[in-house]
Structure formats: structure tokens, C-alpha cells
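The following note sets out several points for a first reading of this entry. Please keep the sequence and the structure in view while going through them.

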Amino acid sequence: MNTFYTKHDELIEEVMGVRVSDPYRWLEDEKNPKVKEWVEAQNMHVERNLRGVSFDLFRDELAS
């Protein structure tokens with residue numbers, strides 16, 4: 001799976017009379033093998049591109 005492209009669905013539902021688009025709802029299903037594959041690909045991308053000083057600063061900021 002390409003880490004620079006996230007599949008999106010044409011999901012539109014009506015909530016209290018308002019049409020709401022939710023193209024990434026499929027990512028909410030943590031048991032879906034495609035979601036697991038997507039998460040692994042994103043993690044690999046982060047490891048390749050952010051590991052090092054900038055990653056440590058980012059991680060520390062999130063942890064505080």
C-alpha cells in the first residue's frame with residue numbers, strides 16, 4: 001500500500017438533515033486487514049522519514 005495515498009470512499013450520510021461526507025470511515029475498523037496494512041505502512045514511513053532528533057522532539061511533545 002502506498003504511504004502517500006489513503007483510499008477514500010464516497011460515503012455520504014444524512015445526519016439531522018445535513019449531508020455529511022465520511023470518506024475515511026473505513027479506517028475506524030481496526031480489525032480490517034487493510035486498516036492494519038495501512039497503519040503498518042504509515043509507521044514505516046514515519047520510521048524512514050522522522051527517526052532521529054526531529055522524531056524525538058515530536059514524540060516528547062506528544063507525551064507531555
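Is Glu-37 buried, partly exposed or exposed? The model is a predicted one, and Glu-37 is partly exposed in it, with a relative accessible area of 31%. The points below take up its salt bridge and then other parts of the chain.

1. Confidence of the prediction. The mean pLDDT of the protein chain is 87, and 92% of the residues reach 70 or more. Among the elements, strand E2 has the highest mean pLDDT, 96, whereas helix H2 (residues 53-63) has the lowest, 81.

2. Side chains of opposite charge can pair when their charged atoms come close. Glu-37 meets Lys-34 in a salt bridge, with 4.0 Å from N to O. Both residues belong to helix H1 and lie three residues apart, which is about one turn of the helix. Lys-34 is partly exposed, at 47% relative accessibility, and Glu-37 is likewise partly exposed, at 31%.

3. Lys-7 and Asp-9 meet through their side chains at 2.8 Å, N to O. Lys-7 is partly exposed, with a relative accessible area of 35%, and Asp-9 is partly exposed at 31%. The count of salt bridges comes to five.

4. The hairpin. Strands E1 and E2 pair in the antiparallel sense over four bridges, and Val-15 stands opposite Val-18 in E2. Two residues lie between the strands of this hairpin. Most residues other than glycine have a negative phi. Which value does phi take at Met-16? Phi of Met-16 is near 50°, a positive value in a residue other than glycine. Met-16 is placed in the loop between E1 and E2.

5. A nonpolar patch on the surface. Val-15, Met-16, Val-18 and Val-20 make a nonpolar surface patch of about 400 Å². Met-16 is exposed, with a relative accessible area of 83%. Val-18 has its place in strand E2 (residues 18-21).

6. How far apart in space are Arg-48 and Arg-19? Their C-alpha atoms are 39 Å apart, while the two residues are 29 residues apart in sequence. Arg-48 lies in helix H1 and is exposed, with a relative accessible area of 54%.

Terms used
Residues numbered from 1 in each chain as written. Predicted model: local features only at pLDDT ≥ 70, side-chain atom pairs only at ≥ 80, totals over all residues. Heavy atoms only, no water. Patch = residues over 30% accessible without salt bridge, like charges linked within 9 Å, V, L, I, M, F, W, Y side chains within 5 Å. Areas by Shrake-Rupley, 256 points an atom, 1.4 Å probe, with all protein chains shown as cover. Buried < 20%, exposed > 50% of the residue type's maximum accessible area, 1.4 Å probe, protein only. pLDDT = per-residue confidence, 0-100. Pairing = 2+ DSSP bridges.
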